[in-house]
Structure formats: structure tokens, C-alpha cells
Amino acid sequence: MKKVHTSHSRLSIMVSSTVYGVEDLLEQIYAMLSGFGYEVWCSHKGTVTVYPHRTALDSCLDAVRDCNLFLCIITPQYGSGVLPDGLGFTHQELLKAIELGKPRWILAHYHVPFARSLFMKLGCKNAGEREAMLAKLGLDTKEEKKKLRQREQAIIDDFRVIDMYDAAIRRDLKTYQDRTGNWVQKFSSNDDAKLFATAQFGRYGDVENFIRNHFSNADAIRREVERRDSK
């Protein structure tokens, strides 16, 4: 069921993030955005609409589709909502927001781009090359990967957070001019993240005008996304 946003309704913003380890940050971001005047959809707070006849993932993806704004927080923890042999919920929410051309803002804990840079220096420029290197080290089985994550969980628990970062910066697009919405803000503390949120969302009227002027025509947005993806 698609939500209808009238000219008198508040802008809705979905906060997409794993929960473990960033509970305090999510509480603070939720309070700030609510104070700025937004309707904040955050699974941690229970404000994402849940449809009893649909899966939890479907409800989350519905929220991505229906929200006006999308804020994703990429942390060193990939999240517990992972389907067998599939991607995590937060990962899929981010990919859906990109697919739909949602106006989006991305925060990434500095551990994530740091780990990415280390793999890049080792010659691993994508997920496939990273997996190949791990295989050479005998770390390609599910059991060995589990042990590796347990050893390194204090820093990063799943290397797919790097894939999320690559998706956010639109590394899949070869033409730089097409890489719109690819700003990813690194943060190392809750204060860093809150400063970014304040700078981007603190002036509600300006954000509302921006959305009205640039994202009011859903068909035009979809055609532009399809044009870029076809390249």
C-alpha cells in the first residue's frame, strides 16, 4: 500500500542502519530529526509501518519506496538481519534507495573506508577479488569466514559493509557526471554524525523546497535512473 503525501504532510525520512553498537546514535538522530519537523521512520524506534501479511524485509523496502528522504548509516557492523546466502536488510535498503533514485544522504564510519583502502592496496578492487584473496588464504568456507569475523568483530564484522560503501559512492558508474547522490560522509564519533545531520536537515523549509523542485516528478526520476543504468 503506497502512502500518499499531501502538501500539508510532514516530509518523511527513513533512517536505515544496523542497530547493534549504534543505539545511542540512532536515539539522538531520531530526536534531532523529529525536532526539525520530519516524520522519522526508524525500525529501532518502531516507527516503520509493519504490514502483518508481508515479511519484515518487505516492510522495510516498502518504507524505502514510500519515504521522501533516505538517510543511511554504514557502520562496521553489517547487521543481524541477513537472509541465508543473501544480503543484509540495511544493504538491501540502500540498494533499493539507489535503484529508485531516492534523495539520499549517507554516513559511513571511518573504519569502513579504511578497511576498503587496505584491500585496495592488496589489489582487491571489488568483492570478487576480495573473496579470491580470502580463498587463497584458506578463508573461503562459511566456517572460516565465521571464525574470521569473530576475531575481527571489534573492528568490522562483515566485509560486505565495504560493498555497501562502494554502492553508496556509485562505483558502478563509469562516467563521473552520472555519479549523483554519491557523497558519503565519514564519521568517527556521534558528534560527527549529528553535525552532518544538522547541516543537511536542520533547515526544514529549504529541504522541503529542494524536494518539491527536484523530486516532485516521479516518472521523470524513474526515466533518468533507467537512462543511467542502461549505460
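In the predicted model, D191 has a relative accessible area of 54% and is therefore classed as exposed, since the exposed class begins over 50%. The side chain of D191 takes part in a salt bridge with K194, and the closest N and O atoms of this pair are 3.5 Å apart. Both D191 and K194 belong to helix 8, which covers residues 190-201. The two residues are separated by three positions, or about one turn of the helix. An α-helix has 3.6 residues a turn, so residues three or four places apart point the same way.

Another joins the side chains of K45 and E27, with an N to O distance of 3.0 Å. This pair links distant parts of the chain, its two members being 18 residues apart. K45 is located in the loop between strand 2 (39-42) and helix 2 (56-66), whereas E27 is part of helix 1 (residues 23-36). K45 has a relative accessibility of 33% and so counts as partly exposed. E27 is likewise partly exposed, because its relative accessible area is 35%; this class lies between the limits of 20% and 50%.

A further salt bridge is formed by D158 and R160, whose closest N and O atoms are 2.9 Å apart. D158 counts as buried because its relative accessibility is 6%, and the buried class is defined as under 20%. Salt bridges also connect R54, D62, R65 and D66 into a network.

Helix 3 was examined for its length and for its buried residues. Helix 3 comprises twelve residues, 89-100. The distance from its first C-alpha to its last is 16 Å, close to the 16 Å expected at 1.5 Å a residue. Buried positions in helix 3 are F89, T90, H91, E93, L94, A97 and I98. Just after helix 3 comes G101, which adopts a positive phi of about 70 degrees.

Confidence in the model was also considered. The protein has a mean pLDDT of 86, and 84% of its residues reach a value of 70 or more. Residues 1-7, by contrast, have a pLDDT below 50. In the model, this stretch has 13 contacts beyond near neighbours in sequence.

Methods: Residues numbered from 1 in each chain as written. Predicted model: local features only at pLDDT ≥ 70, side-chain atom pairs only at ≥ 80, totals over all residues. Heavy atoms only, no water. pLDDT = per-residue confidence, 0-100. Contact = heavy atoms within 4.5 Å. Salt bridge = Lys/Arg side-chain N within 4 Å of Asp/Glu carboxyl O. Helix = DSSP H or I, 4+ residues; strand = E, 2+ residues; numbered from the N terminus. Buried < 20%, exposed > 50% of the residue type's maximum accessible area, 1.4 Å probe, protein only. Expected span 1.5 Å × (residues − 1).
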